[in-house]
Amino acid sequence: MSKGLEVKDFVHRKIIMLDKEEPYSKAACAKLRRALGKSPGEAPDVWEITLYGAPEGEKSESAIHTCLTLYALHRQGKSESMSEEKIGFGTAIAKLVAIKPDSEDAIRRRFNAVATSVEFAELAHHAKGLVQLLKSNDIKMDYPHFANELFYFHLPDQRDKTRLEWGKQFYRIIESENNKNERINEK
């Protein structure tokens, strides 16, 4: 199994745990939210969650830490999982635009800031703002797949491929929504 798929599988298992309505899961989410914006090395309170049984390596650890802290933010105050298979990052942001068409330019700027990030910490910072918008609009996304993409974003020869995938997801949904609106207006 490739390292990216190991990261994806690990995050999937952790999200199942975080989604339980149990004291441990709620406490784990709270710890993860407090670790948001920190590097994995700065957050020993979450090592039990993000490192125990995780694939080894700095890129894996960073992708897992970032993904799970963002998920904990997204899940806060929700009674159901905010992770849904096959809703990619770009697709989720396009759904946000569909719900908030008056904010399309601002959302697109934030999305582009994530996609054009050079440093991983910059990407994580910009992604946080978008996750907050997804949270406030009850839009889910595929977090295990996002973790896989975050892992590959660390690899210079894979970074553009990841960005392109987000762009294709985003613009295909936007195009589909625009075509649907045109058909409605023609009637």
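The legends below describe several close-up views of one predicted protein model.

This is a predicted model in which local features need pLDDT of at least 70 and side-chain atom pairs count only at pLDDT 80 or more, while totals for chains, interfaces and linings use all residues. Residues are numbered from 1 along each chain as its sequence is written, and side-chain values use heavy atoms, with hydrogens and water left out.

View 1. Along its principal axes the C-alpha trace spans about 55 × 40 × 30 Å. Of the 187 residues, 47% count as buried, where buried means under 20% relative accessible area, exposed over 50%, and partly exposed in between (1.4 Å probe, protein chains only). Among contacts (heavy atoms within 4.5 Å) between residues at least 6 apart in sequence, 73% join residues at least 24 apart.

**View 2. The largest pocket, with a volume of about 250 Å³.** On a 1 Å grid over the protein atoms alone, a pocket is an open set of points with protein on both sides within 12 Å along at least five of seven lines, where a 1.4 Å probe fits, and lining residues have an atom within 4 Å of a point. Grid points are joined across faces, edges and corners, and a volume is the space filled by probe spheres set on the points. The lining of this pocket holds 16 residues, of which Gly37, Lys38, Thr66, Ala121 and Ala124 lie nearest its centre. Helices α4 (58-75) and α7 (120-136) each supply at least two residues of that lining. By class, the lining has six nonpolar, eight polar and two charged residues; Ala, Val, Leu, Ile, Met, Phe, Trp, Tyr, Cys and Pro count as nonpolar, Asp, Glu, Lys and Arg as charged, and the others, Gly among them, as polar.

**View 3. Two glycines in the loop between α2 and α3, Gly37 and Gly41.** The loop that holds Gly37 runs between α2 (23-34) and α3 (47-50). Gly37 counts as exposed because its relative accessibility is 78%, and Gly41 counts as exposed at 59%. From C-alpha to C-alpha, Gly37 and Lys78 are 21 Å apart in space and 41 residues apart in sequence. Gly41 and His145 are 104 residues apart along the chain, with their C-alpha atoms separated by 23 Å.

**View 4. The second largest pocket, with about 210 Å³ of space.** Helices α8 (143-153) and α9 (156-186) each supply at least two residues of the lining, and the largest share, six residues, comes from α9. Among the lining residues are His145, Asn148, Glu149 and Tyr152, together with Gln158, Lys161, Thr162, Leu164, Glu165 and Lys168. The lining divides into two nonpolar, four polar and four charged residues.

View 5. Helix α4 is mostly covered, with 15 of its 18 residues buried. At 1.5 Å a residue, these 18 residues should span 26 Å, which agrees with the 25 Å between the end C-alpha atoms; the expected span is 1.5 Å times one less than the number of residues. Just after α4, Gly77 takes a positive phi of about 75 degrees.

**View 6. Helices α5 (residues 89-99) and α6 (residues 104-115).** Eight of the 11 residues of α5 are buried, so this helix is largely enclosed by the rest of the structure; Phe89, Ile93 and Val97 are among the buried residues. Helix α6 has 12 residues and reaches 16 Å from its first C-alpha to its last, close to the 16 Å expected. Its buried residues are Ile107, Arg108, Phe111, Ala113, Val114 and Ala115.

Definitions and conventions: Helices (H or I, at least four residues) and strands (E, at least two) are DSSP runs, numbered from the N terminus.
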